Amino acid sequence: MIYPFHDKHPAIAKTAFIADYVTITGDVEIGEYSSIWFNTSIRGDVSKTIIGNNVNVQDNSVLHQSPNAPLILEDGVTVGHSVILHSSIIRKNALIGMGSLILDGAEIGEGAFIGAGSLVPPGKVIPPHSLAFGRPAKVIRALTEEDVADMNRIRREYNEKGQYYKSLQKK
């Protein structure tokens, strides 16, 4: 379901895949070839949410904001199943593991990997190209070539699956 909120309407690229049972409201932008998966909620009824190109937001995720604090997902971001993102910045090609919570003012660096089930507290900055894990999340190590290859594989596969499922939707 796609709803306006007052005078704000979601702006969704024609190439994006929006799965069934997704709810998107208000001041939300979704870029080219991005995919929003089943049962996800993206509410743009407090501040803006910007989702770049080739982003995948997986099943059961929740994206929201606080007043005057947008949520920004740059190009190539992967958001795992059942993630909560709130008024934070997720930089290019970062991966947020399943079940993680990223809270207000947190910034996840470019190409960083947040391990499954992690909690990134308000205002915490995770450096680029690092693995962070835990509650609260702590940087564990720099990413390896294998980590980066796996992140790239996941992004590519979700892009391909999203376009496949989009081809099945009624035109």
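This short talk walks through the core, the salt bridges and a few local features of the structure shown above.

Before the details, please keep in mind that this is a predicted model, in which local features need pLDDT of at least 70 and side-chain atom pairs count only at pLDDT 80 or more, while totals for chains, interfaces and linings use all residues. Residues are numbered from 1 along each chain as its sequence is written, and side-chain values use heavy atoms, with hydrogens and water left out.

Let me begin with the inside of the protein. The largest nonpolar core has 40 residues, where a nonpolar core is a set of buried Ala, Val, Leu, Ile, Met, Phe, Trp, Tyr and Cys residues joined through side-chain atoms within 4.5 Å. Buried here means under 20% relative accessible area, exposed means over 50%, and partly exposed is what lies in between, using a 1.4 Å probe and protein chains only. The residues with the most contacts inside this core are Ile30, Leu73, Leu85, Ile90, Ile102 and Ile108. Two or more core residues come from each of the elements β3 (17-18), β4, β6, β9, β13, β16 (113-114), β19 and α1; helices (H or I, at least four residues) and strands (E, at least two) are DSSP runs, numbered from the N terminus. To take one of the core residues, Ile102 is in contact (heavy atoms within 4.5 Å) with Ile84, Leu85, His86, Ser88, Ile90, Ile96, Ile108, Ile114 and Val120, once its neighbours within four places in sequence are left aside.

Beyond its neighbours within four places in sequence, Asn56 touches Ser35, Trp37, Val77, Thr78, Val79, Arg155 and Tyr158.

Turning to charged pairs, how many salt bridges does a search of the whole structure find? There are eight, a salt bridge being a side-chain nitrogen of Lys or Arg within 4 Å of a carboxyl oxygen of Asp or Glu. In one of them, the side chains of Lys48 and Asp27 meet at 2.9 Å, N to O. Because Lys48 lies in strand β6 (residues 41-51) and Asp27 in strand β4 (residues 23-30), this pair ties together parts that are 21 residues apart in sequence. Lys48 is partly exposed at 24%, whereas Asp27 counts as buried at 17%. Together with Glu29, these two residues are linked in a network of salt bridges.

Another salt bridge joins the side chains of Glu74 and Arg91, at 2.6 Å from N to O. This pair also links distant parts of the chain, with Glu74 in the loop between β9 (71-73) and β10 (78-79) and Arg91 in the loop between β12 (89-90) and β13 (95-96), 17 residues apart. Both partners are partly exposed, Glu74 at 24% and Arg91 at 25%.

Finally, some backbone and surface features. A cis peptide bond, with omega of about 5 degrees, joins Arg135 and Pro136, and Pro136 lies in the loop between β19 (130-134) and β20 (137-142). His6, which is not glycine, has a positive phi near 50 degrees; His6 belongs to the loop between β1 (2-3) and β2 (11-12) and is exposed at 68%. His129 likewise has a positive phi, near 55 degrees, in the loop between β18 (125-126) and β19, but His129 is partly exposed at 45%.
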